[in-house]
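Here's a quick question-and-answer tour for anyone meeting this structure for the first time. Have a look at it, then read on.

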Amino acid sequence: MMSKSIEFWTNFTAMDPRDAANQARQFEQDGWDGAVMVDSQCMFTDVWTYLALCAQATDRIQLGTGVTNMVTRHPSVTAAAAATLQLISGGRASLGVGRGDSSLAYVGASPQRVNEFEHFLEVTQTYLRGDAVDMADASAMLVGAKVGFDNLAIGSAPEGSRVKWLQQYDMAKVPMEVYATGPKVIAAAARHADNVMMMMTAAPARVAWGVGIVRDAAAEAGRDGIGIGCAMMVVPHDDLQTARDLARPQVASQARFSVMNKRVMGPATPSQTATLLNIADAYDMNRHGSVEGAASAHADAADDDFVDQFAVVGSVDNCVERLIEISELGVDRMSLWLPYARGEVSARSYDLLMTEVLPRVRAA
């Protein structure tokens, strides 16, 4: 049985920001501890505007990015945005970051290199604390700008780069969490982040592997109290095949993070390895996140057995058993992702999750 209280978060599925406030209020009423919104500027509307609307419509639920990156915005800009959300929400903000996927792909770039990513984590944490970043370091992170103040009409230049306005307010630092899949990123997150959110899907062996890396890296760095969470698709339904089909597109998208460089990260059976490689070969970024119209090639690559292993789907009893099993692996947060497809089928799944699955898991 679970020995400690676990937070349960979910994802916003209302893509239209005009619907953001209503869904945030509903999530708060339903008892979720937190909810995140994706950040991909070419695919979705602005994440910070969206979350600000959610903050103004709610009083309790935590709100975060799931996820943003530190390339399309300078770390100082991201820190200022997160701190603004912290201010207007009364301390309910969370900054979820990753190396970048569709947000970079749609401007012709690949995910950030791990060593650069780790440095950016350190710099962003410095900004979030209100401390000064070395000006040379801050300017080196700019693209397309002339570095330095030569020939600029300025008498006294700032000695360091910091979010100065933070000093005006008495509020807690925004916690930063890293969404990670590979061992190097998981370890970097354990060294610098407040929380590590593993995109390991719902296979227990993979979650346990990630938890072990977090603990070892944190201990080596002399850190304790690091939050550990995992994100996964959870789709209960009376009909197993319906649940599988509803989860499949997002399962394929999430599983791709385990094979981003065409090498499988983490423990996997031969069958899982083959499916992951098939998803990587077939992945169509033009249909990233798409749930409507013709099925995508990468969703087709995720067969039923793979969906059963990498997501929590099917009967209420099965979902409860799977979630309790994962909760006992050492996580203190579970981010249960909902299907982006909306309709009667997804509504039925959500009803089962809220009225039958989660109450039993929380009571365990």
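Axes are lines fitted to C-alpha atoms, for helices over the stretch in contact, with angles from 0 to 180 degrees between N-to-C directions. Helices (H or I, at least four residues) and strands (E, at least two) are DSSP runs, numbered from the N terminus. This is a predicted model, where local features need pLDDT of at least 70 and side-chain atom pairs count only at pLDDT 80 or more, while totals for chains, interfaces and linings use all residues. Residues are numbered from 1 along each chain as its sequence is written, and side-chain values use heavy atoms, leaving out hydrogens and water.

Q: Are H2 and H3 roughly parallel or roughly perpendicular to each other?
A: The axes of H2 (residues 47-57) and H3 (residues 75-89) come within 9 Å and cross at roughly 10°. Angles under 35 degrees count as roughly parallel, over 145 as roughly antiparallel, 65 to 115 as roughly perpendicular and the rest as oblique. So H2 and H3 are roughly parallel.

Q: How many charged residues does the contact of H2 with H3 have?
A: Contact means heavy atoms within 4.5 Å, and H2 brings Trp48, Leu51, Ala52 and Ala55 to it. From H3 come residues including Thr78, Ala81 and Leu85. Ala, Val, Leu, Ile, Met, Phe, Trp, Tyr, Cys and Pro count as nonpolar, Asp, Glu, Lys and Arg as charged, and the others, Gly among them, as polar. That gives 8 nonpolar, 2 polar and no charged residues.

Q: Which residue's side chain has a polar contact of 2.9 Å with the side chain of His192?
A: His192 sits in helix H7 (residues 183-192). Beyond its neighbours within four places in sequence, its contacts include Leu121, Met176 and Arg223. A polar contact is a pair of N or O atoms within 3.5 Å (within protein, one must be able to donate a hydrogen and the other to accept it, and residues adjacent in sequence count only if both atoms are side-chain atoms). The partner at 2.9 Å is Glu118.

Q: What is the volume of the largest cavity?
A: On a 1 Å grid over the protein atoms alone, a cavity is a set of points where a 1.4 Å probe fits but cannot get out, and lining residues have an atom within 4 Å of a point. Grid points are joined across faces, edges and corners, and a volume is the space filled by probe spheres set on the points. Helices H10 (270-282) and H12 (304-310) each supply at least two lining residues. The volume is about 40 Å³.

Notes: On a 1 Å grid over the protein atoms alone, a cavity is a set of points where a 1.4 Å probe fits but cannot get out, and a pocket is an open set with protein on both sides within 12 Å along at least five of seven lines; lining residues have an atom within 4 Å of a point.
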